[in-house]
Amino acid sequence: MSRPARRRAGGGGRPVGHGPRIGDGQRLGGAQRIGADQRVGGQRVGGGEPVVGAIEIGGTKVMCAIGTGPGDLRAETRVATTAPDETLSRVATFFTEHAAREPVAAIGIASFGPLDLDERSATWGHITATPKPGWSHTDVAGALHRALGVPVAVDTDVNGAALGEHRWGAGRGIDPLVYVTIGTGIGGGGGINGRPMHGLVHPEMGHVRVPHDREADAFAGLCPFHGDCLEGLASGPAMRERWGAPVESLPADHPAWALQARYVALGLANIVCTLSPRRIVVGGGIAAQPALLPMVRAEMAALLAGYVQARVLLDDIDSYVVSAALGERAGVLGAMALALDALARAGRRRHGRRRRRARH
Ligand code: ZN
């Protein structure tokens, strides 16, 4: 989940090419981006959303889909995440085979990270340095643009999921919205003013530090960078190692869940105080344990202690911390939302330019 990683000395040895991008970036030699006036492939259906491609790159699998939204998926596939070249070439094959029948207007990519999302950077759209073997410094956006010839939008898996939940799921119309996943890793992303949250890099909410009472919980934590950050203490692998049993085998009344709720609530309370989202959507395999979220809400209310004076927190926390609605498709639908949002922004920019030209 967008783990931070130290930049490998000497870089990755891959050629650094300018990727195509959807956005306001500077003109790029030869790369197609949405926002330029060139015609791009794809079609609109009945004047509605354009057909786009969506790719969620996860640690073990890549989910691909083509369509205009959750109610209109025209094709889907799943590819195992192996070496980058092999994986991305299988992904590209799925889209090129389908494109013969139905071209896509753009591709959205929601990927594990960390990613370079700075549109002015020469390595925009690259995975930077990741603990995942072989994937450091992979130019995912450039590789897929070169293979498919359409513009690409790229963001973190969790920013993508936040966008998907905002457009179609449990955070419809809520802004700012934060999405947190609690599973194999812990990560958080969000949308603010209709855009994914970016900054220095992108949020790394899974790696916030939380109080760790070593008398109550002697487990040292698993994060290779921090030990007992939130992900180090509360990811699925951390739970399994602490309790010596698979998470699925821990019954709802096992003390594991009260401790888990405490850590997750500490993480979410930090997010409330720092980002002030209007809602937090929680997804991921661990969050699927039905006993967890009610305990998290109660812990969070106790931790905030009435200080943040918002009615929804004080009186209606059930509608503040909510379960994700898009299930296992959250990531790939997030990638679809990334492509659609970027196309819509590009359309607005073109429209603005035409209006300005018309006035002169
Ligand atoms: Zn960490």
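**Entry 1: strand β9**

I started with β9, where 5 of the 5 residues are buried, so the strand is largely enclosed by the rest of the structure. For my own notes: a residue is buried if 20 or more other C-beta atoms lie within 10 Å of its own, exposed if 12 or fewer, and partly exposed in between, with C-beta atoms placed from the backbone. Strands are DSSP runs of E, at least two residues long, and helices are runs of H or I, at least four long, all numbered from the N terminus.

**Entry 2: what I am looking at**

This is a predicted model, where local features need pLDDT of at least 70, side-chain atom pairs count only at pLDDT 80 or more, and totals for chains, interfaces and linings use all residues. Residues are numbered from 1 along each chain as its sequence is written.

I looked up the totals next. The protein chain has 9 helices and 10 strands, and 47% of its 360 residues are buried. Of the contacts between residues at least 6 apart in sequence, 66% join residues at least 24 apart. A contact here means two C-beta atoms, placed from the backbone, within 7 Å.

**Entry 3: the sheet around β9**

Which strands make up the open sheet, and in what order? I read off 5 strands in the order β8-β7-β6-β9-β10, with mixed pairing. Two strands pair if DSSP finds at least two bridges between them.

I went through the pairs after that. β6 (residues 177-182) runs parallel to β9, with 5 bridges, and Val178 has Ile280 as its bridge partner. On to β10: β9 pairs with β10 in parallel through 3 bridges, and there Ile280 stands opposite Val321. Over at β8, the pairing with β7 (residues 186-192) is antiparallel with 2 bridges, and Ile192 is partnered by Arg195.

α7 (residues 292-304) lies across β9 and β10, at about 170 degrees to β10. Axes are lines fitted to C-alpha atoms, for helices over the stretch in contact, and angles run from 0 to 180 degrees between N-to-C directions.

**Entry 4: α7 meets α6**

How do α6 (residues 255-275) and α7 cross? Their axes come within 8 Å, and the crossing is at roughly 55 degrees. That makes α6 oblique to α7; the scheme is under 35 degrees for roughly parallel, over 145 for roughly antiparallel, 65 to 115 for roughly perpendicular, and oblique for the rest.

I listed who touches whom. From α6, the contact includes Trp257, Ala261, Leu268 and Val272, and from α7 it includes Leu292, Met295, Met300 and Leu304. By class, I get 15 nonpolar, 1 polar and 2 charged residues. Nonpolar covers Ala, Val, Leu, Ile, Met, Phe, Trp, Tyr, Cys and Pro, charged covers Asp, Glu, Lys and Arg, and polar covers the others, Gly among them.

**Entry 5: strand β1**

Is β1 (residues 52-57) enclosed or open? I found 6 of the 6 residues buried, so β1 is largely enclosed by the rest of the structure. Val52, Ala54 and Glu56 sit on one side, with Gly53, Ile55 and Ile57 on the other, all buried.

β1 pairs antiparallel with β2 (residues 61-69) over 6 bridges, with Gly67 as the bridge partner of Val52, and a hairpin of 3 residues links the two strands. With β4 (residues 107-111), β1 pairs in parallel over 5 bridges, and Glu56 is partnered by Ala110.

**Entry 6: helix α2**

My last stop was α2 (residues 140-148), which is mostly covered, with 7 of its 9 residues buried. Among them are Val140, Leu144 and His145. The buried residues of α2 pack against β1, α1 (84-99), β4 and β5 (152-156). Just after α2, I found Gly149 with a positive phi of about 70 degrees.
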